[in-house]
Amino acid sequence: MPRTFRHSLLVVLMLAFIPASVLNNFATPLPPAAPQAAAQDSLYKRLGGYDALAAVTDDFLGRLATDPKEGRFFVGLSTDSKTRVRQHVVDFLCVATGGPCKYTGRDMETAHTGLNITEDDWTIAVKALGDTLNKFKVPAREQGEVVGAIAPLKSKIVGR
Ligand code: HEM
């Protein structure tokens, strides 16, 4: 048997006894299963982007609108007005969390002045937001950052 052929045969026989799982380690690496947000990404991205924020907004506004005490704020709004407010809240949260959106609504003071929102209303709204974030299984770190982004707005929304 020629020397080179004997050598090739030996290599083939050796490969035949190496488990596929080991050989696979040398194959072209697969791309990551799914794009995952990294710790240094914007809060917007870590929350899951626009669709996630829209879902959070719908759930949060749904809780407020059906709350026995908060529902009064949304009585008398046309469907179109509700849709406009909802869209403005989504875009507001997008900007507040570092997303690539533009907020075209009114500033918080103008939008809430005359509504007479009280401390109690605020407490109920913050609780409702927490319930929403828990429902969507938002991790504690991101929940803290969302509340941190909204807390400074209180003086522009409450008691006006
Ligand atoms: C107790 C808490 C709150 C109540 C009862 C409340 C109620 C309302 C109501 C009734 C409107 C519609 C006003 C109108 O169209 O004339 C409104 C608009 C809005 N609210 Fe609130 N709000 C509260 C807290 C917040 C918070 C925490 C945010 C921040 C994310 C927020 C963001 C907005 C935005 C972006 C608009 C739309 C402004 C526009 O369309 O120009 N609100 N809110």
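This is a predicted model: local features need pLDDT of at least 70, side-chain atom pairs count only at pLDDT 80 or more; totals for chains, interfaces and linings use all residues.
Is K137 buried or exposed? K137 is exposed, since 6 other C-beta atoms lie within 10 Å.

View 1. Welcome to the overall picture: the protein chain has nine helices and zero strands. Followed along the sequence, the pattern reads α-α-α-α-α-α-α-α-α. Of the 160 residues in the protein chain, 12% are buried. Among contacts with a separation of 6 or more, 76% join residues 24 or more positions apart.

**View 2. The largest nonpolar core draws on α3, α4 and α5.** The largest nonpolar core has 13 residues, and those with the most contacts inside it are L47, L53, V89, V90, L93 and C94. The elements that give it two or more residues are α3 (43-47), α4 (49-66) and α5 (79-96). The largest share, five residues, comes from α5. As a general background, nonpolar side chains in soluble globular proteins tend to be buried together.

**View 3. C94 has contacts with residues elsewhere in the chain.** Leaving aside neighbours within four places in sequence, C94 is in contact with Y44, Y50, L53, G99 and C101. Two of the names in this view, L53 and C94, are both on the list of buried residues for their own helices: L53 for α4, and C94 for α5.

**View 4. Helix α4 has a buried face.** Helix α4 has 18 residues and reaches 26 Å from its first C-alpha to its last, close to the 26 Å expected at 1.5 Å a residue. Its buried residues are L53, V56, T57 and F60. What covers them includes α3, α5 and α7. On the other side of α4, D51 and T66 are exposed.

View 5. L61 is found in helix α4. With 19 C-beta neighbours inside 10 Å, L61 counts as partly exposed. Not counting residues up to four places away in sequence, L61 touches R86 and V89. Look also for L129: its C-alpha atom and that of L61 are separated by 8.9 Å, although the two residues are 68 residues apart along the chain.

**View 6. Helix α5 carries a run of buried residues.** Helix α5 has 18 residues and reaches 25 Å from its first C-alpha to its last, close to the 26 Å expected at 1.5 Å a residue. The buried residues of α5 are V89, V90, D91, F92, L93 and C94. What covers them includes α3 and α4. Just after α5, G98 takes a positive phi of about 90°.

**View 7. A shell of residues surrounds the ligand.** How many residues surround the ligand? There are 21, and the closest are H88, G105, R106, A111 and A125. The elements that give two or more residues to this shell are α5, α6 (108-112) and α7 (119-135). Helix α5 gives the most, with six residues. By class, the shell has 14 nonpolar, three polar and four charged residues.

**View 8. Two loop residues have a positive phi.** N116 is in the loop between α6 and α7. Its phi is near 55°, a positive value in a residue other than glycine. N116 is exposed, with 11 other C-beta atoms within 10 Å. K137, from the opening question, lies in the loop between α7 and α8 (140-150). K137 also is not a glycine, and its phi is positive at about 55°.

**View 9. V158 follows the helix α9.** V158 is found in the segment after α9 (154-157). With 18 C-beta neighbours inside 10 Å, V158 counts as partly exposed. Not counting residues up to four places away in sequence, V158 touches I117, T118, E119 and W122.

Methods. Residues are numbered from 1 along each chain as its sequence is written. A nonpolar core is a set of buried Ala, Val, Leu, Ile, Met, Phe, Trp, Tyr and Cys residues joined through C-beta atoms within 7 Å. A residue is buried if 20 or more other C-beta atoms lie within 10 Å of its own, exposed if 12 or fewer, and partly exposed in between; C-beta atoms are placed from the backbone. Helices (H or I, at least four residues) and strands (E, at least two) are DSSP runs, numbered from the N terminus. Two residues are in contact if their C-beta atoms, placed from the backbone, lie within 7 Å. A residue is near a molecule or strand if its C-beta atom, placed from the backbone, lies within 6 Å of it. Ala, Val, Leu, Ile, Met, Phe, Trp, Tyr, Cys and Pro count as nonpolar, Asp, Glu, Lys and Arg as charged, and the others, Gly among them, as polar. The expected span of a helix is 1.5 Å times one less than its number of residues.
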